[in-house]
Amino acid sequence: GWRDRLDKNSARGPAVEKLFRETIEVTLNLPFVVSTRIDKPTAERPHFFITYGSKHREGLKVFREIEYKALREHEKSRANASERKRAEKTGSDDLFAQHHALIREATIDEIVEENKDLAREWLLARLTLGPFKFSQIVEEVLKGFMLRETHVKDICVALSKENKIANTWSDRGRKPNDASVIKLVK
């Protein structure tokens, strides 16, 4: 009956992946289940997804750190594989092959920026329900968006500078810590 449980508002691939994560979370009692799309080396489509689950927040934080580094390296490898395939087909090397690898690596940073924008809007909506500790915000953002803890801190600092959330951490540092209360400015 898994087909009946697919999210009808999503395309089939993302709906299957979402149901898989939800099933792992419930079946194994893991509060933190995330997945990462790994694209084919020479095609712009998924090759597979890596799914990670943990009972501990620290595991989620470490996974997001490793994910970011691994995806940057994967994009370099994909650029090199595409160049090798092109060179074999044409019989000539590309003088700008290294430049293409850097562009591919920058794509991950663009994805992070998109996720930061989405997380920012999510956070502002979430805070309408009341204040939350930063530790809780981090858990929810890392679970829902391809971001690292440092990105969540950057979002909070930016929103504070825009006077949208209160800066409750300034006496303890430049960025929020786990105990910082994140709340909207009244």
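User: What should I know about the model before reading it?

Analyst: The model is predicted, so local features need pLDDT of at least 70 and side-chain atom pairs count only at pLDDT 80 or more, while totals for chains, interfaces and linings use all residues. Residues are numbered from 1 along each chain as its sequence is written, and side-chain values use heavy atoms, with hydrogens and water left out.

User: How do the axes of helix H4 and helix H5 cross?

Analyst: Two packed helices are described by the angle between their axes and the distance between the axes. Here the axes of H4 (residues 134–144) and H5 (residues 149–161) come within 10 Å and cross at roughly 120°. H4 and H5 are therefore oblique to each other, given that angles under 35 degrees count as roughly parallel, over 145 as roughly antiparallel, 65 to 115 as roughly perpendicular and the rest as oblique.

User: Which residues of H4 and H5 meet?

Analyst: With contact meaning heavy atoms within 4.5 Å, Phe134, Ile137, Val138, Val141 and Leu142 in H4 meet Glu149, Val152, Lys153 and Cys156 in H5. The residues of this contact divide into seven nonpolar, no polar and two charged; Ala, Val, Leu, Ile, Met, Phe, Trp, Tyr, Cys and Pro count as nonpolar, Asp, Glu, Lys and Arg as charged, and the others, Gly among them, as polar.

User: How many salt bridges are there, and which residue pairs with Glu149?

Analyst: Side chains of opposite charge can pair when their charged atoms come close. A salt bridge is a side-chain nitrogen of Lys or Arg within 4 Å of a carboxyl oxygen of Asp or Glu, and by this rule the count comes to 17. One of them joins Lys61 to Glu149, with the closest N and O atoms 3.0 Å apart. Lys61 lies in helix H2 (residues 57–90) and Glu149 in helix H5, so the pair ties together parts that are 88 residues apart in sequence. Lys61 and Glu149 are also linked with Arg57, Glu58, Glu139 and Asp178 in a network of salt bridges.

Notes
Axes are lines fitted to C-alpha atoms, for helices over the stretch in contact, and angles run from 0 to 180 degrees between N-to-C directions. Helices (H or I, at least four residues) and strands (E, at least two) are DSSP runs, numbered from the N terminus.
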